[in-house]
Amino acid sequence: MTQTTFEEAARSILSGDADAAAAIAKQGLEQGIDPLRLINEGFIPGINEVGDQFGAGRLFIPQLMLSARAMEQATEIINAAFPQQEGIAQGKIVIATVEGDVHDIGKTIVATLFKANGFEVIDLGRDVPTARIIEAAETNNVDIIGTSTLLTTTMTVQKDLEEALKEAGLRDKYKTIVGGAPVTKRWADRIGADAYANDALDGVRVAKELLKGR
Ligand code: B1M
């Protein structure tokens, strides 16, 4: 049953059918499937296949956009189903997709998981200028600055953030976490970020580790 739902979920994304994706998301939750499993094992394999086909030139922008819309619908429904741990503040994080990049599906899942694990999250959205990220960190007195990027061309913005923090004399005030499909631990080390996270759950694990002994 669960496996069939996962397969249907992936298929709905591949065919760019937002109504089907939304229905399968709701149905999966009603069946009691864990929300993170539903995303990770159902919908993400679908959008990854879309990405692969787009990269290989077998699928084009209009289909990519339809699949993205279906993915947005499904993740919106599933994100809303995560239990929220209000008031159990593990720490505060400001999170954003960097300037020049509009990919925000993964970033929003990460933000949701942080909230579900007792973090206070300031989600600035996508295509966010570095200066705004720093301003929000300062205004909200956060512990962590998390950035996401899906484009190889905008990975450098994560490096700009590290440099801007240094120039402002703020580098030691915050822990930084970087993520996104092309991002690696090697990249994080190279630019001087405090940590790299592979997925949403890893992000929460890494954040808790960074804040230990505060
Ligand atoms: Co675009 N896109 N896209 N796209 N898109 C990619 C990224 C691409 C790899 C596809 C491909 O060619 N195979 C390619 C980038 C190539 C490159 O840079 N080398 C690409 C391209 C080229 C483009 C455009 C340039 C296309 C064009 O217009 N010609 C354009 C760029 C626009 C811009 O940003 N300026 C574009 C546009 C779009 C859409 C708008 C249509 C749509 C995005 C919709 C949206 O986000 N609201 C879209 C989509 C959907 C994709 C793919 C297919 C899927 C991305 C996704 O949502 N994945 C993508 C291919 C791929 O990545 N396989 C592709 C699912 C999501 C859950 O995973 O975001 O990786 P992800 O997040 C994960 C982890 O990475 C991690 O946790 C998440 C949950 O597990 N993580 C973090 C992410 N951030 C984190 C932060 C953390 C910790 C972990 O801490 C802070």
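A residue is called buried here when its relative accessible area is under 20%, exposed when the figure is over 50%, and partly exposed in between (1.4 Å probe, protein chains only). By that definition, 46% of the 214 residues of the protein chain count as buried. The model is predicted, so local features need pLDDT of at least 70 and side-chain atom pairs count only at pLDDT 80 or more, while totals for chains, interfaces and linings use all residues. Residues are numbered from 1 along each chain as its sequence is written, and side-chain values use heavy atoms, with hydrogens and water left out.

The protein chain has nine helices and five strands. Helices (H or I, at least four residues) and strands (E, at least two) are DSSP runs, numbered from the N terminus. In sequence order the pattern is α-α-α-α-β-α-β-α-β-α-β-α-β-α. The radius of gyration of the protein chain is 17 Å, close to the 17 Å that the globule rule gives for 214 residues, so the chain is as compact as a globular protein of that length. That radius is taken over C-alpha atoms, and the globule rule is 2.2 Å times the number of residues to the power 0.38. Along the principal axes, the C-alpha atoms fill a box of roughly 50 × 40 × 25 Å.

Contact means heavy atoms within 4.5 Å. Among contacts in the protein chain between residues at least 6 apart in sequence, 72% join residues at least 24 apart. The accessible surface of the protein chain comes to about 10800 Å², and 51% of this belongs to carbon and sulfur atoms. Accessible areas come from the Shrake-Rupley method with a 1.4 Å probe; for residues, only the protein chains shown count as cover.

The ligand contains a cobalt atom, whose only protein donor is His103 (NE2), at 2.2 Å. Donors are N, O and S atoms within 2.8 Å of the metal (3.2 Å for Na, K and Ca); water is not among the atoms, so sites may look incomplete. Histidine 103 lies in the loop between β1 (91-97) and α5 (105-116).

Helix α5 also holds lysine 107, which pairs with aspartate 123 of strand β2 (residues 119-123), 16 residues apart, and so links distant parts of the chain. The two form a salt bridge, with the closest N and O atoms 2.9 Å apart. A salt bridge is a side-chain nitrogen of Lys or Arg within 4 Å of a carboxyl oxygen of Asp or Glu; by this rule the count comes to 11. Lysine 107 counts as buried because its relative accessibility is 4%, whereas aspartate 123, at 32%, counts as partly exposed.

Another salt bridge joins glutamate 138 and lysine 173, whose closest N and O atoms are 2.8 Å apart. Glutamate 138 lies in helix α6 (residues 130-140) and lysine 173 in the loop between α7 and β4 (175-179), so the pair ties together parts that are 35 residues apart in sequence. Both partners count as partly exposed: glutamate 138 at 33% relative accessibility and lysine 173 at 42%. Within helix α8 (residues 185-191), aspartate 189 and lysine 185 are four residues apart, about one turn of the helix. These two also form a salt bridge, at 2.8 Å between the closest N and O atoms. Salt bridges that share partners join Glu162, Arg171 and Asp194 into one network.

Helix α7 (residues 155-167) contains leucine 161, which counts as buried because its relative accessibility is 3%. Leaving aside neighbours within four places in sequence, leucine 161 is in contact with Thr130, Ile133, Ile134, Ile145 and Thr147.

On the surface, Phe54, Ile61 and Met65 form a nonpolar patch with about 290 Å² of accessible area together. Patches are made of residues with over 30% relative accessible area and no salt bridge: like charges are joined within 9 Å, nonpolar side chains (Val, Leu, Ile, Met, Phe, Trp, Tyr) within 5 Å. Methionine 65 sits in helix α4 (residues 61-79) and counts as exposed because its relative accessibility is 56%.

Two loop residues remain. Most residues other than glycine have a negative phi. Aspartate 127, though not a glycine, has a positive phi of about 55°; this residue is in the loop between β2 and α6. Asparagine 141 has a positive phi near 50° and lies in the loop between α6 and β3 (144-148). Aspartate 127 is partly exposed at 37% relative accessibility, while asparagine 141 is exposed at 53%.
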